[in-house]
Structures are given as C-alpha cells and as structure tokens.
Amino acid sequence: MARSWFALKAFLAAVFVASLCVVPVLAQDEASIPPPAPPPPPPVPPPPPRDQETMAAAPARKLAGPDGRKPDGSPLEAEEYEDPDHHINAWRERHLSTMKTTQHHHMKGSWLYGQLNAPADAPSDPVACAKSCESREDCYHWMFHVTGHHCSHAHDHGFANEDAIDWIHGHATRFLTKKKGSEL
C-alpha cells in the first residue's frame, strides 16, 4: 500500500508540475494574438459638381478701396472678397500709369540687393520716390511697393526681379548713363 500511496503522490505531483507549465504557455498564446484591426474610415465624399453656367454668369466684382472697404466705408462681406492678385495688379498698373507722364525709368518688379536706408522724406507715390532717388548721389535704383505705398532705394549692384508683382522699380539717370558708357 505504501507503494501505491507513493505512486499516487508521484502521479499527482507530476500532474501539478505539468499544469504549471501548460497554463503559462496557454496564457502566452492568448496574449500574442493581436486584436483585430479597426475598420478603415469611410471614403471622403466627392465635392458637389460645380455648375459652369452659374460660375460663368457671375458678375465681376469691383475693386475695393485701398483700405479694403466699400465706397460707403462699410466692410466687405465674405463673398465680396476677390483674388488678391487682381487687387495688386490693378494698383501696380495704376501706379505705372502715373509714371508714363514722367521722364523717369520705370518697370514692373523690384530691385534685389544693395538697399539703402529709407529716404528721409518717405515719399508715398512712385513719382516722388523716383525724384528722391535722383537727388541722392548713392542711389541708382528706386522701388515702390504698390499696396503699402512705401519707397526704397538701392546701390549700384544687384539685379531686377520682375516676378515681384507688388512692386514697381526704376533706374536713376546715373545708372542708365553708366550702363550706356560701359556698352561702348
């Protein structure tokens, strides 16, 4: 009987040890299974079709004043705002047209590099900006910002940037004379 008792104890001990080894393995297998992936988000709906006839028939908007208000002083409504480039182009053309009646060289764009200190008299129109450049010995180029209405001057080095749509610039007579002399 002692032998069967010993055999039973050995058997129970073996079952107990085996259960200790199996339970962690089962727990590991269950933990290593990743949870299912969430469903993908729904597709973005396409924008509503635009009615080309309605867009073509829309009236052209008038330019606002320089302060961005209607002529009566009231602010613009959201649908009344226009493309900012259209506004800039209109101001640039207006300022260039004032230069046509003068003898000053002028063109679209800005002069890059060689900026001088701002003129003391701070001209607020392109004609006065060009005149103030002519009166300075160290000024060879003038620039005028068409929407900010400020003037800048530059030395005799750098180059023109004709892509700057919000500027007009010109050369002083001393630059044009120097340029003609160097071509001979």
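This is a predicted model: local features need pLDDT of at least 70, side-chain atom pairs count only at pLDDT 80 or more; totals for chains, interfaces and linings use all residues.
**Stop 1**

Begin by selecting helix α1, which covers residues 2–32, and pick out Phe11 within it. Is Phe11 buried or exposed? Its relative accessibility is 52%, so Phe11 counts as exposed, the cut-off for that class being over 50%.

**Stop 2: an aromatic pair**

How many aromatic pairs does the structure hold? There is one. To see it, select Tyr113 and Phe159, whose rings form a tilted pair with 5.7 Å from centre to centre and 55° between the planes.

Next, colour by secondary structure and look at where the two partners come from. Tyr113 belongs to the loop between β2 (110–112) and α4 (126–134), while Phe159 is in strand β5 (residues 159–161), so the pair ties together parts that are 46 residues apart in sequence. Tyr113 counts as exposed, at 54% relative accessibility. Phe159, at 43%, counts as partly exposed.

**Stop 3: a charge over a ring**

Select Tyr140 and Arg174 next, and turn the view until you look across the tyrosine ring. Arg174 lies over the face of Tyr140, 6.0 Å from the ring centre.

**Stop 4: a salt bridge**

A search of the whole structure for salt bridges gives one. Which residues form it? Select Arg136 and Asp138: their closest N and O atoms are 3.3 Å apart. Arg136 has a relative accessibility of 21% and counts as partly exposed. Asp138 also counts as partly exposed, at 31%.

**Stop 5: a histidine in a loop**

For the last stop, go to the loop between α3 (84–99) and β1 (107–108) and select His104. Why does His104 count as buried? Its relative accessibility is 18%, and buried means under 20%.

Finish by showing what surrounds this side chain. Setting aside the neighbours of His104 within four places in sequence, its contacts are Met99, Val127, Ala130, Lys131 and Glu134.

Note on methods. Residues are numbered from 1 along each chain as its sequence is written. Side-chain values use heavy atoms; hydrogens and water are left out. Helices (H or I, at least four residues) and strands (E, at least two) are DSSP runs, numbered from the N terminus. Buried means under 20% relative accessible area, exposed over 50%, partly exposed in between (1.4 Å probe, protein chains only). Rings of Phe, Tyr and Trp (its six-membered ring) pair if their centres lie within 6.5 Å; planes under 30 degrees apart count as stacked, over 60 as edge-to-face and the rest as tilted. A charge sits over a ring if NZ of Lys or CZ of Arg is within 6 Å of the ring centre and within 35 degrees of the ring normal. A salt bridge is a side-chain nitrogen of Lys or Arg within 4 Å of a carboxyl oxygen of Asp or Glu. Contact means heavy atoms within 4.5 Å.
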